[in-house]
Amino acid sequence: MNMKSIWIILLSLFLYACGGGGGDGSKETSSPSSPSTTLTYQSSNQGRALINVAGLSETTFTIENSSSAQLTITTETSGLAAGFSVTNNQCQGANLATSDTCQITVQYQRDENSQGSITVSGIAQNGNHRTTLDLPVFGIVDPFNNNTEEYSGHIDPTSAFCSVIDPTLVNCHLYKLGQVTSPEQDAWRTGSASYPLAFNAPLIQTYFPDQFLFMTPLVAKHSCSSAEFYFVAQYGSTVSGAIDTNNQEDNVFIKYHPLMANGLTNGVAGNAVNFSGRLNLSTSSGDSFADNITQSAHDSVWSGPSNVAGLQQLLNTNTNTYVTSSYKDSNNGKAVYTVNSLLNKDDLQALLTYLQTNPNPHEIETPADAPDLQEPAFQASVRQYREIIAQHCLTGFN
């Protein structure tokens with residue numbers, strides 16, 4: 001073997017030992033990968049804003065270690081605005097193994113719009129890896145926390161409008177809260193008949209409108225972004241006291257017509273207003289409906305003869321119930337959320353009496369403030385309205 005061959009062999013061995021040369025004899029090395037350090041959370045109120053009323057002023061965050069490393073947890077609450085307070089903090093200093101959790105409870109006790117955050121940090125035990133998580137918190141004004149305004153318009157609620165329901169309902173008054181409007185005089189008149197609605201709001205009504213269902217002692221309206229939110233307390237019984245499910249005149253639906261037309265210059269003969277969109281509704285008795293709908297305000301009447309069997313049943317029960325609905329218009333994209341609280345005669349009268357002596361219904365859920373309005377279905381409808389606004393209007397509403 002000559003000297004040149006020896007040098008070639010030695011060079012090949014050197015390259016192999018150094019990892020060079022590629023080919024089948026090559027070998028790649030890499031530094032160990034960093035473990036994934038991740039924290040996730042869920043909130044007990046599904047991320048809604050907090051409201052300073054019983055049952056809605058508090059939320060609990062559950063923090064989970066979703067990483068493969070054990071983490072030591074620290075919390076920083078300096079990002080919380082005034083009005084927020086941490087009432088229970090199990091996370092500060094906690095050591096969480098993979099999938100372990102800890103909880104932080106936050107309470108809000110102010111009647112204003114506010115927001116803030118809690119920063120949660122997780123440090124791996126070897127100290128080389130750190131992750132942070134921001135927990136956003138929002139607080140808003142109670143949508144019932146404002147003075148109501150008594151209705152004054154083209155119908156006289158102190159006359160037979162009330163007493164026809166019950167002789168004891170004399171000198172009753174109807175109230176609005178927020179951005180609610182009323183029809184103009186002579187609106188929605190067809191011949192000698194008229195629709196005696198005091199407020200423009202989504203109403204549970206029969207195809208041939210029933211006079212009793214126009215009784216609305218309290219209507220509230222607020223808005224944020226591109227959505228409107230209505231609370232409509234209305235009498236939940238008809239003149240006859242029963243719905244004939246075999247009679248098309250007794251078909252029952254949510255009527256959005258007062259929001260789409262004014263019944264004076266449009267929605268009348270020669271100037272119909274047609275609208276369509278997606279309607280979703282559920283009732284307190286467990287019925288539901290979801291479909292695309294097409295409706296028309298024409299000749300000063302509300303068409304068509306749409307029907308939801310579950311709504312018919314509600315008007316046949318003579319008990320307090322409520323309907324939660326959302327409608328999104330296909331033309332302008334506007335969304336309308338409504339809680340229709342249907343009241344029997346006793347609770348209708350109790351609400352009328354309460355509103356005359358309590359101009360601000362902020363504490364309508366408390367037995368001390370409203371002892372005669374503690375019926376569970378009515379209180380559930382009040383809570384439902386608050387929750388819907390807290391879900392969609394995190395930073396407040398108009």
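Trainee: How many residues does helix 5 have, and how far does helix 5 reach from its first C-alpha to its last?

Mentor: Helix 5 covers residues 345-357, which is 13 residues. The reach is 19 Å, close to the 18 Å expected at 1.5 Å a residue. Keep in mind that this is a predicted model.

Trainee: Which residues of helix 5 are buried, and what do they pack against?

Mentor: The buried set is Asp347, Leu348, Ala350, Leu351, Leu352, Tyr354 and Leu355. These residues pack against strand 11, strand 15, strand 16, strand 22 and helix 6.

Trainee: Take strand 11. Why are strand 10 and strand 11 called paired?

Mentor: Pairing needs at least two bridges. Strand 10 (residues 149-150) and strand 11 (residues 175-178) have 2 bridges, so they pair, in the antiparallel sense. Glu150 stands opposite Tyr175 there.

Trainee: How do you know that strand 11 also pairs with strand 15?

Mentor: By the bridge count again. Strand 11 and strand 15 (residues 218-224) share 4 bridges against the required at least two, so they pair. The sense is parallel.

Trainee: Turn to the rings. How many aromatic pairs are there?

Mentor: The count is 17 aromatic pairs.

Trainee: Why is the pair of Trp188 and Trp302 called edge-to-face?

Mentor: The centres are 5.6 Å apart, and the limit is 6.5 Å, so the rings pair. The planes stand at 85 degrees. Over 60 counts as edge-to-face, so that is the label.

Trainee: What does the pair of Trp188 and Trp302 tie together?

Mentor: Trp188 lies in the loop between strand 11 and strand 12, and Trp302 in strand 20, so the pair ties together parts 114 residues apart in sequence. Both Trp188 and Trp302 are buried. Trp188 and Trp302 also belong to a cluster with Tyr195 and Phe214, linked by ring pairs.

Trainee: What makes Phe229 and Tyr337 a stacked pair?

Mentor: Their ring centres are 5.2 Å apart and their planes are at 10 degrees. Stacked requires planes under 30 degrees apart, so the pair qualifies. Phe229 is in strand 16 and Tyr337 in strand 22, 108 residues apart.

Trainee: Are Phe229 and Tyr337 buried or exposed, or something in between?

Mentor: Phe229 has 0% relative accessibility; under 20% means buried, so Phe229 is buried. Tyr337 has 21%, between the cut-offs of 20% and 50%, so Tyr337 is partly exposed.

Trainee: Now the charges. How many salt bridges does the structure hold?

Mentor: There are 8 salt bridges.

Trainee: How do you know that Asp142 and Arg386 form a salt bridge?

Mentor: The closest N and O atoms are 2.8 Å apart, and the cut-off is 4 Å, so the pair counts. Asp142 sits in the loop between strand 9 and strand 10, Arg386 in helix 6, 244 residues apart. Asp142 is buried at 1% relative accessible area. Arg386 is buried as well, at 3% relative accessibility.

Trainee: Why are Glu112 and Arg110 called partly exposed?

Mentor: Glu112 has 33% relative accessibility and Arg110 has a relative accessible area of 36%. Both values fall between 20% and 50%, so both residues are partly exposed. Their side chains meet in a salt bridge at 3.4 Å, N to O.

Trainee: What makes Arg189 and Asp186 a salt bridge?

Mentor: Their closest N and O atoms are 3.4 Å apart, within 4 Å, so the pair counts. Arg189 is partly exposed at 38%, and Asp186 is partly exposed at 43%. Elsewhere, salt bridges with shared partners join Arg48, Arg383 and Glu387 into one network.

Trainee: Last one. Why does Ser296 count as buried?

Mentor: Ser296, in strand 19, has 15% relative accessibility, under the 20% cut-off, so Ser296 is buried. Beyond its neighbours within four places in sequence, Ser296 contacts residues including His257, Phe275 and Trp302.

Definitions and conventions:
Residues numbered from 1 in each chain as written. Predicted model: local features only at pLDDT ≥ 70, side-chain atom pairs only at ≥ 80, totals over all residues. Heavy atoms only, no water. Phe/Tyr/Trp six-rings, centres within 6.5 Å; stacked < 30°, edge-to-face > 60°. Buried < 20%, exposed > 50% of the residue type's maximum accessible area, 1.4 Å probe, protein only. Expected span 1.5 Å × (residues − 1). Contact = heavy atoms within 4.5 Å.
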